[in-house]
Amino acid sequence: MENCKLTVDADGILLVEIDVPGQPMNVLAPEVFEELSAAIGQATDDARIKGVILTSAKPGVFTAGADIKTMVSSFDTGMTELQGMAISQHLSRMMRRLETCGKPFACAMNGLTLGGGLETALACHYRVLADDAMVGLPEVTIGLLPGAGGTQRLSRVVGIEKALPMLLTGQQVKAADALKMGLVHAVVPASEVVAKARAWLLGTPSAVQPWDVKGYQIPGGAGPCSPTAFRSFVAGTARIAQSTQRNYPAPLAILSSVYEGTQVTIDVGLRIESKYFGKLFADPVARNMMRTLFIAKGAAGKLTRRPSEIEKSTVRKVGILGAGMMGAGIAQLSAAAGIEVVLLDASIEQAQRGKEYSVQLAEKLVTRGSLTPDKSQALLARIHPTVDYANLADCDLIIEAVFEDRAVKAEVTRKAAAVLPASALFATNTSTLPITGLAEAFPRPKDFIGLHFFSPADKMPLVEVILGKHTSKMSLARALDFVAQVRKTPIVVNDSPGFFTSRVFSTFIHEAVLMLREGVAPALIENAARQAGFPVGPLAVGDEVSLALQIRIIEQNLADGMPRTAHLDRVLEVLRRMVDNFGRSGRRGGGGYYEYPTDGKKHLWTELQTHFPPLAVQPDVQEVKDRLLYSQALESARCLEQGVVEHPQDADLGSVLGIGFPSWTGGSVSFIDTIGLPVFVANCERLAAAHGERFRPTAGLKRRAELNHRFHATENL
Ligand code: NAI
């Protein structure tokens with residue numbers, strides 16, 4: 001066998017060691033399961049075999065779950081619900097053979113055990129886990145449910161109440177907690193798991209699962225009459241419907257699978273699970289989430305856009321110019337990655353205030369027990385607030401995060417350049433100003449690049465790396481190395497006003513402003529956005545960004561050559577009315593579209609209705625959702641056609657991880673694929689006729705629609 005090594009010892013114990021060749025982790029591709037199936041057959045048929053130990057030959061990992069690449073490509077080749085169901089049934093039959101073959105199976109989990117690996121363990125009669133290992137069923141995070149018996153066996157092993165949080169969040173559980181909840185029988189050091197399993201087999205092992213014994217009851221009860229049914233299922237359904245807005249089918253399918261499947265025998269329960277698995281597997285949401293959140297994110301994290309011929313670099317000391325909101329966050333994430341930080345601002349008080357962000361965060365983490373006092377002190381000692389440019393003299397990298405103002409940026413860039421070593425890379429965190437122009441203030445434009453972090457910088461996972469006209473390959477490689485060093489996900493984009501994310505995001509905010517002007521009820525705009533899956537409504541976001549800043553950005557972009565359009569003029573008119581006539585510049589200015597009472601929750605400004613009278617007949621909520629989703633998807637397609645982003649994966653990652661485009665879509669380009677090019681283009685034409693030229697599909701989209709060519713299709717076939 002290629003993936004599993006089988007040995008039988010003198011006691012008749014068959015040791016099955018999973019060791020998928022050429023991979024750091026054991027990924028469970030279909031052929032690995034086939035080999036496991038053959039091992040079960042051998043154990044069943046060979047009378048000399050008294051019991052079986054399943055383990056892994058890879059240190060620290062039992063299994064990392066199923067092979068997601070195979071799953072995505074099977075979707076793109078046209079997986080049906082029935083075919084998806086058949087995959088799950090095939091695995092379930094194998095697990096059922098394992099637990100009913102009459103031979104005792106012990107699973108020795110020597111490390112991380114996820115997905116299909118944990119489902120296999122749950123089918124074993126005995127489970128021992130390494131004390132430093134984590135276990136989990138992360139399928140929900142990629143739009144699926146555990147389809148190899150996970151929903152059924154976990155509920156039967158630990159009870160429904162404890163199983164649901166694991167199934168619904170995908171969160172991993174530490175070994176000690178797994179033992180406490182009864183998920184495993186024993187926890188020992190990794191080096192002893194096989195010996196522990198062997199000892200169990202050599203004792204008086206049972207080869208019968210509790211659920212195969214007559215009169216078996218699920219711990220804590222099952223079905224509508226169990227004491228926890230209301231909390232788990234009735235309230236649970238409402239809670240999930242609210243949090244997912246029914247855009248993500250997996251959590252409700254998991255709930256249904258557990259509810260229905262635990263009231264019947266395990267065999268029927270497994271069939272129920274397979275039915276739901278098939279539905280999810282054939283649903284584009286699972287494919288979209290897997291492709292973007294797993295495959296594209298994984299590839300970006302491995303720096304696939306990095307010029308490979310350039311040697312890897314490490315930043316030892318970073319200089320941050322501007323200790324405001326962004327500078328403080330970047331200082332925090334750099335110090336947390338072990339990098340020395342010089343945090344410079346115009347006054348020492350401002351520089352220190354930037355460090356204060358890390359001080360407060362560290363205090364919180366220490367109180368919570370997630371950071372030791374020693375580590376906290378070491379982290380804080382790495383951040384050096386200053387006003388003196390001479391302190392930048394030995395920095396490998398500068399990140400400029402002063403006001404979004406060309407003159408201010410040019411001034412600090414020149415001052416830093418005067419003291420920097422010739423080897424230093426200079427990055428700007430500008431969110432809107434073209435990089436090539438800003439690079440003029442730096443003597444070595446080839447060493448100048450954009451590193452666009454998102455707010456709050458230490459928490460948001462994405463960094464948009466922006467290439468100026470003269471940025472060298474070396475600078476790109478070094479910038480990407482830094483992004484990896486601080487454990488963020490990069491996308492690489494080319495210079496243009498607003499780059500990719502800010503440009504796409506502005507269409508979201510602008511569309512809401514235009515709807516407000518037309519008389520669409522503000523509450524309808526905000527609620528439709530949340531129903532579509534955006535984390536925050538566009539008017540609320542507009543308040544956060546500040547209306548005054550939006551005016552400045554539009555004016556700046558127009559001055560930088562962005563074409564002037566009728567709809568931009570209308571957006572500007574609304575923003576100016578809000579700021580100049582009504583004094584409402586956004587949250588920081590005391591209020592914008594919303595009121596922010598000090599003693600209560602924010603709420604929409606009641607006067608909005610007076611100034612923007614609502615239409616007597618309001619549009620359908622779907623129309624509002626479409627306008628918000630389509631405007632961003634179209635802008636993403638334009639960015640691809642204009643070469644601002646070069647790969648659909650970058651657009652998808654940028655939109656989901658950077659600007660909150662709903663992840664059920666897989667991202668703003670994946671959204672177009674999901675709808676299908678011909679339908680998307682037809683809908684754009686309809687929206688253009690109803691609302692204006694900004695919805696007119698591009699020539700490239702029309703061509704794709706005629707050929708029915710998806711953006712992602714060819715790469716995955
Ligand atoms: P901020 O206003 O919070 O901070 C700017 C800091 O720069 C202030 O502490 C200020 O004292 C300092 N500063 C200004 N002039 C200076 C000078 N001559 N010398 C030294 N320090 C000086 O602004 P924020 O929000 O941190 O933004 C900074 C940059 O990051 C801007 O370019 C902005 O466009 C960009 N950005 C902002 C995001 C956001 O969500 N706020 C997101 C991504 C990028």
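This is a predicted model: local features need pLDDT of at least 70, side-chain atom pairs count only at pLDDT 80 or more; totals for chains, interfaces and linings use all residues.
I started at the ligand and looked up Val402: one of its backbone N or O atoms lies 3.3 Å from a ligand oxygen atom. I'm counting a polar contact as a pair of N or O atoms within 3.5 Å. Residues are numbered from 1 along each chain as its sequence is written, and side-chain values use heavy atoms, with hydrogens and water left out.

A polar side-chain atom of Ser431 sits 2.8 Å from a ligand oxygen atom, and one of Gln350 sits 3.1 Å from a ligand oxygen atom. On its own the ligand has 830 Å² of accessible area, and the protein covers 81% of that (Shrake-Rupley method, 1.4 Å probe).

Then I went through the shell. I found 21 residues around the ligand, the closest being Met326, Asp345, Glu404, Lys409 and Ser431; a residue is in if one of its heavy atoms lies within 4 Å. They split into 10 nonpolar, eight polar and three charged, with Ala, Val, Leu, Ile, Met, Phe, Trp, Tyr, Cys and Pro as nonpolar, Asp, Glu, Lys and Arg as charged, and the others, Gly among them, as polar. Helix H13 (325-336), helix H16 (406-419) and strand S16 (448-453) each give at least two shell residues, and H16 has the largest share, three. Helices (H or I, at least four residues) and strands (E, at least two) are DSSP runs, numbered from the N terminus.

I moved on to a sheet. Six strands make it, open and mixed, in the order S1-S2-S3-S5-S7-S10; strands pair if DSSP finds at least two bridges between them. S1 (4-8) and S10 (186-188) are the edges, each pairing on one side only. I read an average twist of 20° from one strand to the next, with axes fitted to C-alpha atoms (for helices over the stretch in contact) and angles from 0 to 180 degrees between N-to-C directions.

I zoomed in on S3 (residues 51-56) and S5 (residues 105-109), which run parallel over three bridges. Leu54 stands opposite Cys107 in S5. Helix H1 (residues 30-45) packs on the sheet, touching S1, S2 (13-18), S3 and S5, at about 180° to S2; contact means heavy atoms within 4.5 Å.

Pro456 is in the loop between S16 and S17 (462-467).

Terms used
A polar contact is a pair of N or O atoms within 3.5 Å; within protein, one must be able to donate a hydrogen and the other to accept it, and residues adjacent in sequence count only if both atoms are side-chain atoms.
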